[in-house]
Every structure is written in C-alpha cells, then in structure tokens.
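Have it open while you read, and go through the points in order.

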Amino acid sequence: MQITRRSFVLASLATPFAFRSVSHLVRSEPWKMEKLRVAKVGCGGMGLSDLNEVSSHKMVEVVALCDIDSRHLEVLRKGGKDGEGKEIKPRFPAAEAFADWREMYAKLGDRFDAVVCSTADHMHAPISMAALNMGKHVYCQKPLAQGAWENRRLAEVAGAKKSLVTQMGTQRIATKWRRYGAKLLRDGVVGRVKEIHAWTNRPAGWWPQGNPRPEGSDPVPAWLSWDLFLGVSQSRPFKDGYTPFNWRGTIDWGTGAFGDMGCHMLDVPFYELELGSPLTAWCNPVKASADQFPESESVVMTYAATPKTSKDGLTLKWYDGGQFPDFKAIGLPDGWEGGKEGEDVVKGDGGVILVGEKGIMWFPIEHAWARVFVDGKAVEMKPEDLGRSNHWHDWVDACLSGKKDACVSRFEKGGRMCESLSIGAMSALDPGKKLEYDASACTFRNSPAASAMLKRTYRDGWKVENL
Ligand SMILES: NC(=O)c1ccc[n+]([C@@H]2O[C@H](COP(=O)([O-])OP(=O)(O)OC[C@H]3O[C@@H](n4cnc5c(N)ncnc54)[C@H](O)[C@@H]3O)[C@@H](O)[C@H]2O)c1
C-alpha cells in the first residue's frame with residue numbers, strides 16, 4: 001500500500017475505532033502483569049497507526065495520551081469530525097491527556113508499564129531513555145534516535161536492563177517478504193557480501209529538503225505547544241509548515257531521506273551481516289543547505305569485515321532524491337530496472353541490491369520477493385512463505401511474557417543500525433569529504449561541524465540521565 005502525504009493527514013484525523021475503557025489504573029497484584037498499561041507519546045500521523053495497532057491487542061490498556069497538538073488529544077478523548085466531516089466517536093475518554101511527556105511521566109509514573117513514542121525524530125531518544133530510566137518497556141518509531149551517540153546509548157541501556165522489552169517501529173521486518181530475504185542472506189545465497197546499494201525516491205515530492213532556513217516567524221496556533229515541539233533542540237521562531245510531517249527534512253529535528261527510509265531498507269542486511277559502526281562516510285549532495293538535508297545525495301560508507309562480508313570489508317552506497325545506482329554496472333540483467341513496486345522490477349520506490357562473491361541479490365522494501373542473479377541471469381527460485389506477524393503485538397506479547405529477544409528490532413539491534421544511518425545522514429553537514437568515524441567517541445575525527453549532530457548538545461533544562 002502506498003502511503004501518501006494526503007492519506008497520512010486524513011488518517012491522523014480519522015479515528016473510527018471502538019470505545020475503550022480504562023479500568024485497571026491500579027493493579028490488584030503489582031507483580032503479576034494483567035494488562036499492559038500504555039502511555040502514548042505522539043498521537044497523530046504514524047502515532048495514530050501505532051496507537052491503533054498497539055491498542056488492538058486485547059491485553060493493552062491505554063491510560064495516557066500525550067501530544068503537543070491538542071487537536072489529536074481532543075478527538076481521541078472526546079470525538080469530533082475527521083478531515084472529511086465524518087463523525088468520530090470518543091475512543092479513549094478516560095485516558096489522561098498531556099502536552100508535555102515529562103509531566104505525564106512525573107504524574108502517572110506508577111500507573112503505566114510501557115511507552116509508545118511516535119514523535120519527530122529528535123525527541124525519540126529523550127522520551128525513550130527517560131522511560132527506560134523509569135523501568136518502562138518502550139516501543140519507539142524508527143529511526144531509533146537522531147544522533148549516533150543517542151542510538152548507541154539506547155542500545156546499551158536497553159541491553160543492560162534485562163527485564164525491559166524494546167522494539168523499534170520497523171513493522172515491515174515482520175512481513176513474509178523481508179523474512180524470506182533474511183533467510184536467503186542467512187543461507188549465504190550470494191556468498192560473502194562486498195557491496196550494498198540502497199536507494200529511495202524520497203524526499204522529492206514528500207517533504208522539503210535543500211532549502212535555507214525560513215526567515216521571520218508566524219503566530220503559533222492555539223493548538224500547538226511550540227516550545228515542547230522544540231524540546232531538546234535549539235530554540236527558533238515558529239513558521240507555518242514545520243510540523244506536522246515536514247520537520248523530517250530539517251537538520252535540527254529529522255534525519256532526512258537517509259534516516260527516514262534507510263531503516264525500512266537496511267535493517268535486515270545490517271542484522272544478518274552483523275555490520276558494526278562504519279569506518280568512513282562521504283556525502284555528495286545536490287543543493288546542500290545549513291538548515292535542511294540536501295535536496296538529493298549519494299553517500300558512500302565503508303565497514304570493517306564481518307564473517308558474512310567480504311574479507312576486505314563492505315561498502316554501502318546510498319542514493320536518494322532521484323539518484324539511483326548504475327544497475328547495469330552492478331550486474332542486473334536488462335529488463336529488470338524500470339516499472340512499478342510489487343512487480344518483478346527493481347527501481348520502484350526504493351530498494352536494496354547486495355553484491356556478493358557468488359552473485360547479486362535484489363531485496364525490495366516489501367510486496368515483492370527477493371531475487372538472485374548470477375552471471376547476468378535471474379536464478380529460478382521458489383520463494384518460501386515464512387508468514388508474518390504483527391510487529392506491535394510481538395512487542396506487547398514480549399512485554400507480557402518477558403521474552404525480550406522475541407522482538408526482532410529491539411533497541412540493541414535497531415540502535416546499532418541507526419547509529420550508521422545517523423552517520424550517513426549527518427555526513428551531509430560536511431559534504432565532499434571522506435569523514436573518518438571514531439566509533440569509541442561517536443564523532444568524526446576530521447569534522448567538528450558534522451560531529452556536533454552525532455553527539456548533540458541538548459537545550460538548557462532538557463538533560464536526560466544516560467544521554
Ligand atoms: N514505521 C513507519 O512506517 C513510519 C511511517 C511514518 C513515520 N514514521 C516515524 O514516526 C515518527 C512520526 O512521524 P510522522 O510522519 O507521523 O510525523 P507527524 O509530525 O505527522 O506526527 C508526529 C506526532 O507527534 C506529535 N509530537 C511531535 N513532537 C511531540 C512531542 N515532543 N511530544 C508529544 N507529541 C509530539 C505531533 O504533534 C504529531 O501528532 C517519525 O519518527 C517517523 O520516522 C514511521
């Protein structure tokens with residue numbers, strides 16, 4: 001299914017789901033998990049999908065809702081009209097509503113077990129880490145965090161807290177297509193992998209990138225808590241159009257097309273090839289800007305060898321905003337390049353090609369089976385249907401059972417991959433230069449400018465323990 005900007009906005013306003021009660025605010029046996037009591041941060045856009053999916057689990061009770069946009073809280077608790085004027089019933093009338101997640105944590109800390117975070121990227125780490133610090137399970141949208149350091153710390157702290165269950169929101173990983181691709185990689189069908197090529201058509205037409213910082217300011221709408229949107233990021237005047245959705249192209253708040261889409265494409269290759277931190281990153285941007293990620297870019301990153309990669313290591317080549325790999329030079333036979341997503345054609349909305357010592361593998365984002373090509377010919381394959389699960393319910397079930405390893409995108413894994421995506425995205429801040437990554441410090445050895453966003457300084461008053 002294609003999610004367009006319009007369907008996203010409409011989905012944010014439409015909440016045609018059944019009334020849910022909140023009856024277990026205090027547990028009769030605190031040591032026994034009867035229901036998973038969830039506090040939801042970020043309720044529009046993907047946050048609404050997360051809320052719908054998590055609350056569709058019969059053992060979940062939504063006890064609190066938080067959003068900086070009061071319109072979402074209003075509709076979810078009291079009902080209203082959707083974007084097309086259709087009546088919406090109240091869904092969570094008993095859930096307490098907050099604009100500030102810190103207030104929610106302070107006031108209701110003993111009344112929820114878990115947090116689901118679906119805000120803009122720059123707030124993922126503070127919201128998730130503060131929850132882990134309080135002993136809460138966390139489901140957090142991708143990318144796990146904005147900066148390399150934040151990703152590293154979330155992975156480390158989640159790994160150290162043995163009783164806490166975490167999951168990063170990359171739901172595609174639970175599809176039969178990505179499971180099959182993972183199996184092919186595990187089976188070593190293309191041998192040891194020496195190159196990964198990954199591309200997306202974003203941001204073009206989805207959200208703005210490559211523009212200078214807008215001048216002046218606009219009045220802050222009554223429904224918006226602008227200072228809370230800014231959160232840990234540096235203060236700036238409000239301009240119409242920053243939020244919802246379009247923030248992802250701005251360096252202060254997002255991770256650009258690389259961080260946004262890389263998660264859905266590179267998760268399985270990263271996990272299966274056991275890639276660690278990159279050694280170098282080099283960005284070639286089109287229309288670079290000091291405020292936004294480039295309009296379009298290609299980024300080259302290098303990695304040390306693992307048992308699954310070529311003995312000389314691996315090179316990752318990323319393309320976005322209308323740039324693509326040279327499919328022919330990679331070894332893709334004629335007739336496979338163009339066409340639509342869901343068909344046996346490669347280019348589509350985006351995808352990944354892994355170049356191994358025995359052949360190449362095309363790994364679509366979803367809706368199509370991975371394919372292998374050897375000596376310029378497609379190999380006849382019989383895809384294996386390994387089923388699919390509900391990524392959100394996997395997390396809820398793991399919270400209830402304590403089997404944290406059942407979450408395939410737990411923070412220990414998601415954080416490791418997103419550290420790389422942060423490095424790739426932030427390499428745009430010092431373009432045209434081979435940046436050397438110092439993995440022990442989470443900074444670039446030869447770029448203070450780009451390092452500042454790998455290990456960012458939070459705004460005064462926003463310090464979070466462990467970050
Ligand atoms: N897994 C997926 O398929 C998928 C798809 C889209 C977006 N996402 C991710 O979901 C996140 C949200 O993206 P979106 O497109 O829905 O953005 P959005 O701006 O449309 O929605 C974010 C919601 O969070 C609220 N919010 C923002 N900052 C907040 C804060 N500090 N406290 C409380 N609420 C806050 C906003 O008001 C809004 O309701 C991003 O990290 C994005 O990468 C994931």
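1. Among contacts between residues at least 6 apart in sequence, 72% join residues at least 24 apart; a contact means C-beta atoms, placed from the backbone, within 7 Å.

2. Keep in mind that this is a predicted model, where local features need pLDDT of at least 70, side-chain atom pairs count only at pLDDT 80 or more, and totals for chains, interfaces and linings use all residues. Numbering starts from 1 along each chain as its sequence is written.

3. The chain has 13 helices and 18 strands, taken as DSSP runs numbered from the N terminus (helices H or I, at least four residues; strands E, at least two).

4. For 467 residues, a compact globule would have a radius of gyration near 23 Å, and the chain's 22 Å agrees. That radius is taken over C-alpha atoms, and the globule rule is 2.2 Å times the number of residues to the power 0.38. The C-alpha trace spans about 60 × 50 × 45 Å along its principal axes.

5. Now look at H5 (residues 124-133) and H6 (residues 148-160): their axes come within 11 Å and cross at roughly 20°. The axes are lines fitted to C-alpha atoms over the stretch in contact, with angles from 0 to 180 degrees between N-to-C directions. H5 is therefore roughly parallel to H6 (angles under 35 degrees count as such).

6. On the H5 side the contact uses Ala-125, Ser-128, Met-129 and Leu-132, while H6 brings Glu-150, Arg-153, Leu-154, Val-157 and Ala-158.

Technical notes
Two residues are in contact if their C-beta atoms, placed from the backbone, lie within 7 Å. Angles under 35 degrees count as roughly parallel, over 145 as roughly antiparallel, 65 to 115 as roughly perpendicular and the rest as oblique.
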